[in-house]
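Have a look at the sequence and the model first, and then we'll go through it piece by piece.

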Amino acid sequence: MNCRDDTCVTCSDEAVAVTVLRLLDAGLALADTGRGREVVSVALVDVQPGDVVLVHAKEAIAVAPSGGPRWRRVR
């Protein structure tokens, strides 16, 4: 699939950077979106509280490295 522009062709949703506040059971985490808190899946990435993750459709798809803006791909 090729995604063009700033939105996903499949669901028209954009990925958003959020901060992981707390890890929950079942591969979930409580995250700060900047507008509030949401539960997101972190099953595809290795994260700790305080990490910034890129979330698409409530699924974390990448983790921002601590030293800069580059993203680690999902496993």
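How many helices and how many strands are there in the protein? Counting gives 0 helices and 6 strands. Read from the N terminus on, the elements go β-β-β-β-β-β. Keep in mind that what you're looking at is a predicted model.

**The protein overall**

The protein has 75 residues, and 24% of them are buried.

Now follow the chain through S1, S2 and S3. Strand S1 covers residues 16–23, and strand S2 covers residues 28–32. These two run antiparallel to each other, and Arg22 has Leu30 in S2 as its bridge partner. Next, S2 also pairs with S3 in the antiparallel sense, where Ala29 sits opposite Val40. Both pairings are hairpins, and each has a turn residue or linking residue with a positive phi. Here they are side by side:

| Hairpin | Bridges | Residues between strands | Residue with positive phi |
|---|---|---|---|
| S1 and S2 | 4 bridges | 4 residues | Ala26, about 65 degrees |
| S2 and S3 | 5 bridges | 4 residues | Gly34, near 95 degrees |

While you have the strands in view, here's a handy rule: in a regular strand, side chains alternate between the two faces of the sheet.

**The largest pocket**

Which residues are closest to the centre of the largest pocket? First, the space: the largest pocket holds about 250 Å³. It is lined by 12 residues, and the ones closest to its centre are Val16, Val18, Thr33, Glu38 and Val55. Three strands each give at least two residues to this lining: S1, S3 (37–41) and S4 (52–56). Sorted by class, the lining includes 5 nonpolar, 2 polar and 5 charged residues.

**A proline in a loop**

Finally, find Pro65, in the loop that lies between strand S5 (59–63) and strand S6 (72–73). Is Pro65 buried, partly exposed or exposed? Pro65 counts as partly exposed, because its relative accessibility is 28%, while buried means under 20% and exposed means over 50%. Val53 is 12 residues away from Pro65 along the chain, and their C-alpha atoms are 9.3 Å apart.

How values were computed:
Residues numbered from 1 in each chain as written. Predicted model: local features only at pLDDT ≥ 70, side-chain atom pairs only at ≥ 80, totals over all residues. Heavy atoms only, no water. 1 Å grid on protein atoms, 1.4 Å probe; cavity = no way out; pocket = protein on both sides within 12 Å on 5 of 7 lines; lining within 4 Å. Points joined across faces, edges and corners; volume = space filled by probe spheres on them. Nonpolar A, V, L, I, M, F, W, Y, C, P; charged D, E, K, R; others polar. Pairing = 2+ DSSP bridges. Buried < 20%, exposed > 50% of the residue type's maximum accessible area, 1.4 Å probe, protein only.
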